[in-house]
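Me: I would like a close look at one part of this model, with the rest of the chain for context. Please keep it plain.

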Amino acid sequence: MLTVFFFLFGAAIGSFLNVVIYRLPEGKSLVWPGSHCPQCGEKIRWFDNIPILSYIILQGKCRDCGNEISIRYLVVESITAVVYLYAYLHYGISLELLTFLVFTSLLIPISFIDFSTMLIPDSLSISGIIIGLLFSMFRGIIVVSCIGAAIGAIYILIIIHIGKAVYKKDVMGYGDIKLAAMIGAFVGWDSFLLTILFSSLFGSLFGLVQIKRGKSSMKSLIPYGPFLAIGGFITFLFGRWIIVRFFLG
Ligand SMILES: [Zn+2]
């Protein structure tokens with residue numbers, strides 16, 4: 001029963017995250033007006049606003065103007081639903097579950113916004129740092145978490161400085177500093193070292209694939225935020241286990 005609930009709950013949250021992804025970078029209100037088609041401006045009826053299902057029933061087209069609805073809506077709703085479901089199975093009802101759900105509900109919009117605009121809104125990352133530290137107080141890891149936030153920020157600052165020295169330009173944005181600090185606050189400094197490992201691994205792989213496909217060169221800039229987010233996501237779930245299994249065993 002709860003399994004189904006967490007899936008549907010995740011889909012509904014995903015639907016809200018879509019609003020955040022679409023409206024936050026444009027500085028629009030998140031609650032008013034209600035959802036409408038970006039092409040024809042027509043209000044979206046409640047029965048066309050059901051997460052995941054509506055997109056499939058409408059075959060990705062607006063009921064009024066027939067213009068295409070971005071596949072992003074379906075992707076974000078599905079990802080969030082699956083993550084919520086998995087998180088419940090992984091943690092059960094616990095403080096860790098609540099922490100993880102809040103954490104991922106910040107990571108998802110941050111990743112999608114950074115991917116399309118190359119910017120990370122402070123309203124998400126800075127409040128994320130505060131929320132992460134607050135949760136850590138209750139989880140009894142406040143010191144580990146404060147050091148994590150500091151190491152996150154310092155890590156990106158170092159990369160920015162090295163990048164400036166080598167490439168004579170900003171290889172990462174200042175938004176990444178706050179995002180890394182937020183992830184550090186949630187996972188703690190020890191796990192954050194794994195976040196660095198995973199995010200640089202995935203980032204380089206993605207960069208290489210893009211170069212291979214001729215979509216970018218060694219010189220082009222790719223947003224690092226989504227890779228930090230993926231790294232943070234994996235380390236929150238499996239960081240402890242990986243550390244104990246491979247580094248302390
Ligand atoms: Zn329309």
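Is the crossing in which helix 8 passes helix 9 left-handed or right-handed?

Reply: The crossing of helix 8 past helix 9 is right-handed. This is a predicted model, and the description below is computed from its atoms. Two packed helices are described by the angle between their axes and the distance between the axes. Here helix 8 covers residues 189-212 and helix 9 covers residues 225-248. Their axes lie 7 Å apart, and the packing angle is about 125°.

The zinc ion is coordinated at 2.3 Å by the SG atoms of Cys 37, Cys 40, Cys 62 and Cys 65. The angles among the 4 donor atoms run from 105 to 117°, and the site is tetrahedral. Along the sequence, the donor residues follow the spacing C-x2-C-x21-C-x2-C. Of these, Cys 40 and Cys 65 link distant parts of the chain, being 25 residues apart. Cys 40 sits in the loop between helix 1 (2-23) and helix 2 (53-57), while Cys 65 sits in the loop between helix 2 and helix 3 (72-91). Cys 40 is partly exposed at 34% relative accessibility, and Cys 65 is partly exposed as well, at 31%.

Note on methods
Residues are numbered from 1 along each chain as its sequence is written. This is a predicted model: local features need pLDDT of at least 70, side-chain atom pairs count only at pLDDT 80 or more; totals for chains, interfaces and linings use all residues. Side-chain values use heavy atoms; hydrogens and water are left out. Donors are N, O and S atoms within 2.8 Å of the metal (3.2 Å for Na, K and Ca); water is not among the atoms, so sites may look incomplete. Four donors count as tetrahedral if all angles lie between 85 and 135 degrees; four count as square planar and six as octahedral if opposite donors are over 155 degrees apart and all others between 65 and 115; anything else is irregular. Helices (H or I, at least four residues) and strands (E, at least two) are DSSP runs, numbered from the N terminus. Buried means under 20% relative accessible area, exposed over 50%, partly exposed in between (1.4 Å probe, protein chains only). Axes are lines fitted to C-alpha atoms, for helices over the stretch in contact, and angles run from 0 to 180 degrees between N-to-C directions. A crossing is left-handed if the near helix is turned anticlockwise from the far one by less than a right angle, and right-handed if clockwise.
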